[in-house]
Amino acid sequence: MVDTGISPQLPPLSRRIRLRHLELLAALGEHGSLKHAAEMMGMSQPAASKLLLEAESLVGATLYERSNRGVLPTAAGAALVLRAQRFLGLVDGLGEEVQVAQQGAKGRVRVGVSPACGAVIPGALAAMRAAAQDVVLRIEEGSSASLLERLRDGRLDCVLGRVLDSQDLEDFDTLHLYNESIVMVAEPQHPIFSKSTVDWEDVLSYEWVLPPQGAPLRRTLAFWLARQGFQEPRCLLESTLTLANLAVLRENQALVLLGSISARQFSEQGVVRVVPLPFDGIALPSVSLFLPQDDYAHEPVDIFIRALEQHVRETLA
């Protein structure tokens, strides 16, 4: 027999690796510990270790370095963990996709919405309905960081939010949507509206509803107030839940900051009234839509993006 020096070609990895291997890699990525990953999967640690060895043999690369302190992913391991998490997130959504299709819809889009960025969702939904595009939206609220992590591992299709420069966006495509200003609002019968003019001493004499420490709006406000020589206002409640904040306003003589779009919507409904106090020089991070860079073509997501862009153009033009 003549040795040609050519190794026999192996079948594609998709035909050799099992779902159980991917589940282990995803669990390792989430917990960073073989012991905890094994517990999550309902198996012993030796069995999980054997399964990891199998995955490494199939891939042909070391995925995790072992040491007395545990396991650490190699570059290949980190890349494969991300792919495994993304793949399993897509698989988990298949059941929902089937249910939605059986109801006659074109598909389902899982949208993560960070605080105070959901004001354009109703308009986008209306635009889809007007175009006879029957797509079901599933909305999940959370911080930008937590939502981007869910987007990274395939549990969300896109994220609508504001992101600070310090956050890692290398894994995502970013679609800029709009900028908005900060507006102060209060309950329509608030005593501050009895004044002919409102200044900063007036608003700082009341309690405020503020975002948590570290939130983009809180950081922006604190920096701006410090530049003007003012202390941060007394905080009645730390919250990013718009409806909860508005409920607090009804029961307390507090003030709250909203993005200009949300403020306009709630003002038109008679829920709040805008306090005539300009916030010159305060710029919120822009609102953008974040998508996985290498995701497959997904028609429902494309439909949602077109509707969202259309609504933003018509609303903010």
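This is a predicted model: local features need pLDDT of at least 70, side-chain atom pairs count only at pLDDT 80 or more; totals for chains, interfaces and linings use all residues.
**Entry 1: Asp134 and its partner**

The side chain of Asp134 meets that of Arg129 in a salt bridge, with N and O 3.5 Å apart. I then checked Arg129, which is partly exposed as well, at a relative accessible area of 44%.

As background, I noted that side chains of opposite charge can pair when their charged atoms come close.

**Entry 2: Other salt bridges**

How many salt bridges are there by this rule? The count comes to 13, and I followed some of them up.

Arg150 forms a salt bridge with Glu140, and their closest N and O atoms are 3.0 Å apart. Since Arg150 sits in helix α7 (residues 144-152) and Glu140 in strand β4, this pair ties together parts that are 10 residues apart in sequence. I found Arg150 to be partly exposed, with a relative accessible area of 24%, whereas Glu140 is buried, with 17%.

Next I turned to Glu238 and Arg218, whose side chains meet in a salt bridge at 3.1 Å from N to O. Glu238 belongs to strand β9 (residues 235-238) and Arg218 to helix α9 (residues 216-228), so this pair ties together parts that are 20 residues apart in sequence. Is Arg218 buried or exposed? At 3% relative accessibility Arg218 counts as buried, while Glu238, at 41%, counts as partly exposed.

I also noted a network of salt bridges that links Arg108, Arg110 and Asp157.

**Entry 3: The five-stranded sheet**

I traced an open sheet of five strands, which follow one another in the order β4-β3-β5-β12-β6 with mixed pairing. Which strands are at the edges? They are β4 and β6, each of which pairs on one side only. On average, and with direction ignored, neighbouring strands of this sheet are turned by 25 degrees against each other.

Looking at one pairing inside the sheet, I saw that β3 and β5 run parallel and are joined by three bridges. Val111 stands opposite Cys158 in β5.

**Entry 4: Helix α12 on the sheet**

Helix α12 packs on this sheet, where it touches β3, β4, β5, β6 and β12, and its direction makes about 25 degrees with that of β6. I checked the length of the helix too: at 1.5 Å a residue, its 18 residues should span 26 Å, and the end C-alpha atoms of α12 are 26 Å apart, which agrees.

Which residues of α12 are buried? I listed Pro300, Val301, Ile303, Phe304, Ile305, Ala307, Leu308, His311 and Val312. What covers the buried residues of α12 includes helix α6 as well as the strands β3, β4, β5, β6 and β12.

I looked at His311, which lies in α12, and its relative accessibility of 14% is why it counts as buried. Leaving out residues up to four places away in sequence, His311 touches Val120, Gly123 and Ala124.

**Entry 5: The nonpolar cores**

I wrote down as a general point that in soluble globular proteins nonpolar side chains tend to be buried together.

The largest nonpolar core here has 27 residues, and those with the most contacts inside it are Val109, Val111, Leu160, Leu289, Phe304 and Leu308. The elements that give two or more residues to this core are β3, α6, β4, β5, β6, β12 and α12. Which element gives the largest share? That is α12, with seven residues.

I then followed Leu160, which, not counting residues up to four places away in sequence, touches a list of residues that includes Val113, Cys117, Ile121, Leu177, Leu289 and Leu308. Apart from this core lies another one, of 22 residues, among them Ile182, Val203, Leu225 and Leu255.

**Entry 6: Strand β10**

Finally I looked at strand β10 (residues 255-259), which is mostly covered, with five of its five residues buried. Both faces are covered, as Leu255, Leu257 and Gly259 on one side and Val256 and Leu258 on the other are all buried.

With strand β7 (residues 182-186), β10 pairs in the antiparallel sense over four bridges, and the bridge partner of Val183 in β10 is Leu258. With strand β8 (residues 208-210), β10 pairs in the parallel sense over two bridges, and here the partner of Val209 in β10 is Val256.

How values were computed: Residues are numbered from 1 along each chain as its sequence is written. Side-chain values use heavy atoms; hydrogens and water are left out. A nonpolar core is a set of buried Ala, Val, Leu, Ile, Met, Phe, Trp, Tyr and Cys residues joined through side-chain atoms within 4.5 Å. Buried means under 20% relative accessible area, exposed over 50%, partly exposed in between (1.4 Å probe, protein chains only). Contact means heavy atoms within 4.5 Å. Two strands pair if DSSP finds at least two bridges between them. A salt bridge is a side-chain nitrogen of Lys or Arg within 4 Å of a carboxyl oxygen of Asp or Glu. The expected span of a helix is 1.5 Å times one less than its number of residues. Axes are lines fitted to C-alpha atoms, for helices over the stretch in contact, and angles run from 0 to 180 degrees between N-to-C directions.
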